[in-house]
Amino acid sequence: MSEHSISVTVNGTQHELTVEPRTLLVSALRDELGYTGANVGCETGRCGACTVRENGETIKSCTRLAVQADGAEIETVEGLADDGDLSALQERFQEHHGLQCGYCTPGMLMSADTFLRENDDPSREEIREAIEGNLCRCTGYQNIVDAIEATADQLGEQR
Amino acid sequence: MSDADADGPTETVGEVRADGGSSDDSGGAFGSAIERGEDVPLLTGSGEYTDDISLRGTTHLAIRRSEHAHARIEGVDTSDAEAIDGVIAVFTGEDVVESGVPNTIPTAWDLPGLVQPQYRMLATDKVRHEGTAVAAVVAETRHAAHDAIEHVSVEYEPLEHVTDPVEAVERDVPPVHEEAEDNVAFDFELGDADATDEAFADADRVASVDLRQPRIIPNAMEPRAALADWEEATGKLRLWMTSQNPHLHRMLLSAGTLGLPENKIQVIAPEVGGGFGSKIYHYPDEAVTAWCSMQLGRPVKWQATRSESYLTDCHGRDHVTTGEIALDDDGTIRGVRVETHAGLGAQLSQFGTATPSYLYATVLSGQYTIPAIHCRVVGAFTNTTPVDAYRGAGRAEGIYVIERLVDVGARELEMDPAELRRRNLVQPDEFPYESAAALVYDSGEYERAMDLALEHVDYDALRERQRELRDEGRYLGIGIGNFIESAGLSPSGLAGDLGAQAGGWESSIVRFDSTGSVTVLAGTADQGQGHRTTYAQVAAEELGVSVDDVTVVEGDTDRIPQGMGTYGSRSASVGGGSIARGAREVREKARRIAAHQLEASVDDIEFDEGEFHVAGAPDRSLHIQTIAHEAYLGHDLPEGMDPGLEETNFYDPENFTYPFGTHVAVVEVEPETGEIEIERYVAVDDCGEIINPMIVEGQVHGGIAQGIGAALYEGAAYDDEGHLRTRRMDEYAVPHATQLPDFETDNTVTPSPHNPIGVKGVGESATIAATPTVVSAVADALEPFGVEHLDMPITPESVWRATEGDR
């Protein structure tokens with residue numbers, strides 16, 4: 001099978017790698033580059049465990065080919081904390097018990113983080129809609145919604 | 001099951017409270033809503049799940065599965081697959097047989113007359129359900145392995161199949177297994193048939209319901225995975241896997257499957273992304289992964305795809321039931337009679353026999369005094385994915401039946417369903433209560449929890465509003481679900497009497513080191529429950545140290561010598577009970593050292609927040625962490641005492657624990673469109689003493705979500721070819737955030753009198769409660785249409801069909 005050389009920037013670090021045309025972005029991140037935060041839950045774009053940001057937009061990295069991300073800026077859950085300090089969103093997830101097994105959490109955080117950039121004063125209904133593409137089997141979502149709402153409140157106070 | 005309680009309660013812990021808050025007024029570690037220590041790695045992406053782990057030279061396994069529901073294997077040709085670039089080896093069922101390993105996937109629960117057909121790692125003669133493992137390909141890359149399985153050529157002679165448990169035993173179909181010509185694996189009875197017949201003959205009224213409890217697919221977010229590393233030089237197998245019970249997996253792999261002694265198998269469960277039952281079982285796939293590594297001498301990794309999860313993770317439920325309830329006009333329940341066909345799937349899974357028998361029939365008394373109960377369960381082989389315990393396991397199915405029966409009984413009597421429940425509740429002074437379904441309930445304040453739940457929704461006013469809205473052509477429904485759970489599996493002797501092939505105890509080690517920090521090694525295995533936090537709270541409370549001083553280790557059979565695992569709502573009660581008992585032994589040894597060094601009698605040494613002091617002389621004291629140091633120095637210990645400060649504990653519970661509570665759902669149903677909106681969901685749970693209220697609430701939330709999922713959205717289905725129709729996440733409706741409401745939770749606290757820390761457990765409670773509660777609410781909303789019951793999942797279509805007759 002032919003191979004392609006691509007270049008992607010992940011959380012600010014540039015990587016050069018060689019991939020098969022069919023290699024998924026999530027596989028390149030996990031298996032080639034060691035960013036194992038994004039998880040694979042369904043391979044059909046339904047569960048959202050593999051959600052990352054590409055050039056500022058959330059994408060499900062199991063529905064993207066690595067070659068499509070050539071030249072892109074990718075952000076993953078590993079980039080949310082700043083030098084070991086959790087982001088406000090991560091802290092609120094812990095405080096509100098917004099995770100149990102943690103498998104959906106990286107994707108959930110990326111969707112929520114992106115959403116809060118676009119809507120800094122969301123209703124609970126808007127929050128639920130924002131994470132509709134991220135399935136969680138453990139929490140029943142309520143504490144996740146609480147955590148996102150509390151982050152929005154905190155960011156609102158800081159403005 | 002009265003034997004377990006024959007000696008009566010050994011210890012009474014506290015008293016009943018309905019404060020919903022901390023169960024420890026002293027402000028100690030136990031009872032505080034402290035944040036979870038396990039969260040930071042999971043929030044930053046550094047937590048390691050099985051597929052995140054790689055070893056040098058790791059190869060990849062893909063499994064060829066049958067596309068037929070039922071077929072004879074005529075031949076398997078692996079040559080094309082072997083020719084694929086990167087393929088290392090292709091193995092068939094015959095290869096496994098020839099390797100000489102025991103090659104059985106054993107069941108762990110026997111029943112009288114049980115037919116136990118052969119269950120092998122890879123099929124050799126027949127495939128019995130779609131997804132049966134037929135061949136294994138190991139390749140240098142995952143892509144190559146998956147490419148190659150498509151090139152394994154299997155010649156089949158298709159056979160007629162059956163997927164429905166009633167048809168399997170009543171229709172003339174080829175048997176799934178030759179050993180069971182009628183497809184009956186077991187025919188189980190519990191209770192007193194004659195007494196029940198008599199109760200029905202004498203009763204004023206009888207109501208009945210025919211119902212189905214469809215298959216639920218657990219859908220842990222992390223699909224199952226395994227990484228095996230066989231070290232030829234030492235003859236040792238290391239196996240990382242998505243396990244709820246690594247020690248049980250070690251035992252089953254060792255004895256029946258691979259033929260290795262236990263001390264040559266290390267099972268490691270790293271971060272595990274949810275389980276809900278599905279990761280309890282000893283499946284062929286993980287065993288094949290290990291076997292392949294043993295053949296090749298290289299690390300082998302298998303990661304299930306989601307489709308493989310749907311086809312191979314044990315499904316839950318699959319019951320077809322007729323239930324009857326006998327009542328007097330005043331609302332007294334006289335008897336309950338239940339007949340169930342339970343689908344077991346194509347093979348007997350580990351607890352696949354226990355779940356629809358003892359775990360099911362024994363809870364049919366629910367919260368009620370019912371003098372006569374009889375239940376018959378026919379366990380049927382079908383050409384489907386094996387069925388086993390899914391969150392609530394057996395108890396969920398049983399409580400669903402009794403709660404539906406109480407509702408249809410109330411309808412028959414034209415009595416308010418809350419009132420009928422109230423008139424039959426077991427009263428606080430009746431505990432320990434021996435039910436006609438053979439359980440001895442430990443403790444309960446059922447009416448208190450029910451009152452609290454009804455108070456939260458202002459029940460009488462709500463009924464009034466329901467009447468008003470009906471006049472406007474709007475259909476509000478109020479559903480009540482009273483539940484008990486037999487949790488804390490299980491007293492070993494009792495479980496053994498009933499057929500268990502393993503013990504029900506739990507084991508732990510509590511260890512101080514010389515610097516005064518504590519390590520707890522626990523035999524349970526977390527998949528999101530937060531054991532590292534709650535166990536630290538239990539140990540910290542007993543030892544008088546800070547939670548931060550305690551590190552909890554789970555999920556590695558080489559580090560934790562013994563354990564049984566996490567299922568059946570057992571970790572807090574049985575695992576936590578073991579840790580508390582071990583910590584108390586550690587504390588008592590420390591007390592003896594303190595007495596020696598303070599030159600006082602042991603009886604005069606008091607313990608308060610980590611400090612040992614001489615009674616009446618508080619300045620003469622030593623902290624337990626100082627004593628830990630002394631214990632390892634060994635310079636000045638009591639005569640004859642061994643150095644060190646650690647204890648290994650085995651705790652075998654004397655009875656199950658019985659969490660209980662009442663959930664109430666308020667729904668509005670739109671008959672024109674069939675839409676169901678959950679307006680409110682109130683859960684009052686009593687799980688005994690509460691170690692961490694935040695975690696308890698989280699368990700309740702998640703449990704409700706899964707219960708609502710079963711009631712309204714989920715359910716696996718097979719097509720006419722015996723193919724699973726719901727095999728992807730866009731075909732099986734795991735609830736989304738927009739499909740669930742906010743839940744309102746509260747607690748009462750009725751300690752378990754026999755548990756060392758008074759806890760009852762909460763892992764499965766809310767799933768057990770939520771399913772009947774929501775179905776009850778929808779049926780209540782549709783009362784004006786004469787609808788008594790609708791089968792799950794209650795979709796808009798089923799509502800519309802049930803009400804269309806009136807249009």
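This is a predicted model: local features need pLDDT of at least 70, side-chain atom pairs count only at pLDDT 80 or more; totals for chains, interfaces and linings use all residues.
Visitor: What does B:D51 meet in a salt bridge?
Guide: The partner of B:D51 is A:R30, with an N to O distance of 3.2 Å. B:D51 lies in the loop between α1 (39–44) and β1 (59–65) of chain B, while A:R30 belongs to helix α1 (residues 25–32) of chain A, so the pair joins two chains.

Visitor: Are those two residues buried or exposed?
Guide: Both B:D51 and A:R30 are buried.

Visitor: And which side chain does B:R532 meet?
Guide: B:R532 forms a salt bridge with B:E271, at 3.3 Å from N to O. B:R532 counts as partly exposed at 32% relative accessibility, whereas B:E271 counts as buried at 12%.

Visitor: What about B:E485; where is its salt-bridge partner?
Guide: B:E485 pairs with B:R395, and their closest N and O atoms are 3.7 Å apart. B:E485 sits in the loop between β18 and α15 of chain B and B:R395 in helix α11 of chain B, so this bridge ties together parts that are 90 residues apart in sequence. B:E485 is buried, with a relative accessible area of 0%, and B:R395 counts as buried at 1%.

Visitor: Which residues are linked in a network of salt bridges?
Guide: One such network links B:R65, B:R224, B:D285, B:E286, B:E308 and B:D313.

Visitor: Changing topic: how many aromatic pairs does the structure hold?
Guide: There are 14 aromatic pairs over all chains. In one of them, the ring centres of B:Y281 and B:Y283 are 6.1 Å apart and the planes stand at 75°, so the pair is edge-to-face. B:Y281 counts as buried at 1% relative accessibility, and B:Y283 likewise at 4%.

Visitor: Which rings are linked into a cluster?
Guide: Ring pairs connect B:F431, B:Y446 and B:F660 in a cluster. B:F431 also has a backbone feature, for the peptide bond from B:F431 to B:P432 is cis, with omega near -5°. B:P432 is found in the loop between α12 (417–424) and β16 (433–434) of chain B.

Visitor: Which other residues does a cis peptide bond join?
Guide: B:L489 and B:S490 are joined by a cis peptide bond with omega of about -10°. B:S490 lies in the loop between β18 (475–484) and α15 (492–498) of chain B.

Visitor: Which residue has a positive phi although it is not a glycine?
Guide: B:F276 is one of them, with phi of about 60°. B:F276 is buried, with a relative accessible area of 12%. Another is B:E414, whose phi is near 55°; B:E414 is exposed, with a relative accessible area of 75%.

Visitor: Finally, which residues form the negative surface patch?
Guide: The patch consists of A:D121, A:E125, A:E126, A:E129, A:E132, A:D153 and A:E157. Two or more residues come from each of α4 (124–130) and α5 (142–158) of chain A, and the largest share, three residues, comes from α4(A).

Visitor: Where is the place of A:D121?
Guide: A:D121 is in the loop between α3 (105–118) and α4 of chain A, and at 61% relative accessibility A:D121 counts as exposed.

How values were computed
Residues are numbered from 1 along each chain as its sequence is written. Chains are lettered from A and ligands numbered from 1 in the order in which they are written. Side-chain values use heavy atoms; hydrogens and water are left out. Patches are made of residues with over 30% relative accessible area and no salt bridge: like charges are joined within 9 Å, nonpolar side chains (Val, Leu, Ile, Met, Phe, Trp, Tyr) within 5 Å. Accessible areas come from the Shrake-Rupley method with a 1.4 Å probe; for residues, only the protein chains shown count as cover. A salt bridge is a side-chain nitrogen of Lys or Arg within 4 Å of a carboxyl oxygen of Asp or Glu. Lys and Arg count as positive and Asp and Glu as negative; His and the chain ends are not counted. The place of a charge is taken as NZ of Lys, CZ of Arg, CG of Asp or CD of Glu. Helices (H or I, at least four residues) and strands (E, at least two) are DSSP runs, numbered from the N terminus. Buried means under 20% relative accessible area, exposed over 50%, partly exposed in between (1.4 Å probe, protein chains only). Rings of Phe, Tyr and Trp (its six-membered ring) pair if their centres lie within 6.5 Å; planes under 30 degrees apart count as stacked, over 60 as edge-to-face and the rest as tilted.
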